[in-house]
Amino acid sequence: MTLGAEVHADTAPPADPVALAVSWLPADDDPDRPQVTLSTQGLDGWPNARTVLLSAVDRTGFAFHTSASSAKAHELAAVPRAAMTVVFAPAFSRQLVVRGDVVRCSPGELAAAYTARSPYLRRLAWLNDDALAALPRAERVARWAAGEPAAGAPEGWTGWRLVPRELTFWVSDADTASRRLQYRRTAEGWRVRPLAG
Ligand SMILES: Cc1cc2nc3c(=O)[nH]c(=O)nc-3n(C[C@H](O)[C@H](O)[C@H](O)COP(=O)(O)O)c2cc1C
């Protein structure tokens, strides 16, 4: 079945939304990581959002990594809930929105995710802070060139897993309206319903 066809099919929707999400996303060992919009509750009360790389996905949730000094880290410490939006290029004919609670990644997961990052992103994890950002460009370039990162992740390297309570799969259709399947976790299992696109 073509990816996304499940959302428009007349047959019963897939019973397991996490398996469906995994089938839409690249394998965890694919270096081309999905770029997702991570939404949090800002400390000032307004929603906040930014792009992060989806590090891994499995039955336990959707993992992402960042600096413990970032705004998102402080926001998730205060309100451990988030939403993640993925739009699938190049056709932009599919979207996945996941909402739920977040839990912290284990030390082993943090180390594995850091090792899987490109050399550029590992250097970024060591060097990219507000002090560097405040410098003139020539100094930023010099610090970048001089700063050979130590082995292993910096102390502030951290990550969370978004544990889904709701997953919404959106698929366009050239011949009719776009449609969504929304799964909500209940005490009895996943409840699914079709929604307008
Ligand atoms: C394509 C793309 C991927 C990104 N991936 C990450 C990431 O995996 N982790 C991260 O902390 N920031 C990532 N960023 C930077 C964030 O969008 C953001 O600017 C930064 O994390 C600070 O966010 P905050 O102040 O809201 O915490 C990425 C940005 C882009 C454009």
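## Aromatic pairs

Rings of Phe, Tyr and Trp, the last by its six-membered ring, pair if their centres lie within 6.5 Å. By that criterion, this predicted model holds 6 aromatic pairs.

## Phe64 and Trp160

One of the pairs joins Phe64 and Trp160. The ring centres are 6.3 Å apart and the planes meet at 25°, so the pair is stacked. Planes under 30 degrees apart count as stacked.

Phe64 belongs to strand β3 (residues 61-67), and Trp160 to strand β6 (residues 157-171). The pair therefore ties together parts that are 96 residues apart in sequence.

## Tyr120 and Trp144

Tyr120 and Trp144 form a tilted pair, with 5.2 Å centre to centre and 45° between the planes. This pair links distant parts of the chain. Tyr120 sits in helix α4 (residues 119-127) and Trp144 in helix α6 (residues 137-146), 24 residues apart.

Tyr120 is exposed, at 53% relative accessible area. Trp144 is partly exposed, at 23%. Trp144 also has a charge over its ring: the charged end of Arg123 lies 5.8 Å from the ring centre.

## A four-residue cluster

Ring pairs also link Trp24, Phe88, Phe169 and Tyr183 into a cluster. Within this group, Phe88 has a charged neighbour. Arg94 lies over the face of Phe88, 4.5 Å from the ring centre.

Terms used. Residues numbered from 1 in each chain as written. Predicted model: local features only at pLDDT ≥ 70, side-chain atom pairs only at ≥ 80, totals over all residues. Heavy atoms only, no water. Phe/Tyr/Trp six-rings, centres within 6.5 Å; stacked < 30°, edge-to-face > 60°. Helix = DSSP H or I, 4+ residues; strand = E, 2+ residues; numbered from the N terminus. Buried < 20%, exposed > 50% of the residue type's maximum accessible area, 1.4 Å probe, protein only. Lys NZ or Arg CZ within 6 Å of the ring centre and 35° of its normal.
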